[in-house]
Each structure stands twice: as structure tokens, then as C-alpha cells.
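Below are my notes, in the order I looked things up.

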Amino acid sequence: MQGYHTISLDGFPRTLEQLEFLNNNYNVLLFVHSNTNWNIMKKLVTQRRNCKVCNSVFSTNNSYFENECCKLEDNWEKRWDDTPEMFAKRYKVYKQETFPIIEKIKKLENYIKVDLIKNIYAYREIEKALSLR
């Protein structure tokens, strides 16, 4: 997008104050709500690892690794909170605190919802929505 400084914020806004700040201080082109099934998300989170060498983040269920160092399991590190129990707690907080914000964002013109897991071409939906702005 010519003439724009574009940034992508993941997991933001999470409060009404943050939403108001964004809308009052920035020209938000698009709010993208990446949504998927709870069980799929739990699986992705609990299988998430990062490489201690290059800091890449990947799934243990993945056969593609960005760098050679990622192929060695000795280089893998698991976040302390990537457990089924912690995922359930984080999801509960999401439903209580973040979901109401998403309900407000849904009412805005610049909102789209995509399922990045089921739709490998979801980026096309995002590109299309941006081209209309």
C-alpha cells in the first residue's frame, strides 16, 4: 500500500481502551480475526517448539523446518506454558476478556474473519479486503 506504513499486530487490541486508542490514533485498514477450532488450536499450541539456535518457532507435527538447526530435537525448546492445562486457562481468559472486544470489532466496516487453518488461501481474502480500502 503506497504512502502507508503498515504494521501487523497479533493479539491486539485486547481491551476497550486499546481499541479506542487504535481507532483514535491510527488509520486501521483492516482488523483480521483469525479463528479456528479449539481442539486444533490446543494441538498447535501444545506441539509448538522453538529452536534454541535460530529462535524459529514451529510445530513438532511439521516436516518443514526453516533452518537446518531446527531438524535436531536437541535444539528444541518448549515454552513452559504450552501445556493443555495452561492452554485451557489462556482460552478461558480469552473468552472472558478478549472475545467481547472482538464482538465490538465485528461491527466495524474494516473487519474480516478468516480461518487460517482450514483455508490455506486465506491470505487472498486478506489481500482482497485490503485492496478495497
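I began with surface patches, which are made of residues with over 30% relative accessible area and no salt bridge, joining like charges within 9 Å and nonpolar side chains (Val, Leu, Ile, Met, Phe, Trp, Tyr) within 5 Å. Accessible areas come from the Shrake-Rupley method with a 1.4 Å probe, and for residues only the protein chains shown count as cover. This is a predicted model: local features need pLDDT of at least 70, side-chain atom pairs count only at pLDDT 80 or more, and totals for chains, interfaces and linings use all residues. Residues are numbered from 1 along each chain as its sequence is written, and side-chain values use heavy atoms, with hydrogens and water left out.

**Entry: confidence**

I looked up pLDDT, the predictor's confidence in each residue, from 0 to 100. The protein averages 85, and 93% of the residues score at least 70. Confidence is highest in β4, at 94, and lowest in helix α4 (residues 122–131), at a mean of 79. I take helices (H or I, at least four residues) and strands (E, at least two) as DSSP runs, numbered from the N terminus.

**Entry: nonpolar patch**

Which residues make the nonpolar surface patch? I found Ile 7, Leu 9 and Phe 12, with about 300 Å² between them. Leu 9 sits in the segment before α1 (16–25). I use buried for under 20% relative accessible area, exposed for over 50%, and partly exposed in between (1.4 Å probe, protein chains only). Leu 9 is partly exposed because its relative accessibility is 43%.

**Entry: aromatic rings**

Rings of Phe, Tyr and Trp (its six-membered ring) pair if their centres lie within 6.5 Å; planes under 30 degrees apart are stacked, over 60 edge-to-face, and the rest tilted. I get nine aromatic pairs in the structure. Trp 38 and Phe 87 form a tilted one, 5.4 Å centre to centre with 55 degrees between the planes. Trp 38 is in helix α2 (residues 38–46) and Phe 87 in helix α3 (residues 84–106), so this pair ties together parts 49 residues apart in sequence. Phe 87 is buried at 7%, whereas Trp 38 is partly exposed at 30%.

I then checked Phe 58 and Trp 76: their planes stand at 65 degrees and their centres are 5.4 Å apart, so the pair is edge-to-face. Phe 58 belongs to strand β3 (residues 57–59) and Trp 76 to strand β4 (residues 76–77), so the link spans 18 residues in sequence. Phe 58 is buried at 8%, and Trp 76 is buried at 19%.

Trp 38, Phe 87, Tyr 91, Tyr 94 and Phe 99 form one aromatic cluster.

**Entry: salt bridges**

My criterion is a side-chain nitrogen of Lys or Arg within 4 Å of a carboxyl oxygen of Asp or Glu. How many salt bridges does a search of the whole structure find? It finds seven. Arg 48 forms one with Asp 82, the closest N and O atoms being 2.7 Å apart. Arg 48 lies in strand β2 (residues 48–51) and Asp 82 in the loop between β4 and α3, so the pair ties together parts 34 residues apart in sequence. Asp 82 is buried at 0%; Arg 48 is partly exposed at 23%.

Arg 79 bridges to Asp 81 at 3.0 Å, N to O, and to Asp 82 at 3.9 Å. Shared partners join Arg 48, Arg 79, Asp 81, Asp 82 and Arg 90 into one network.
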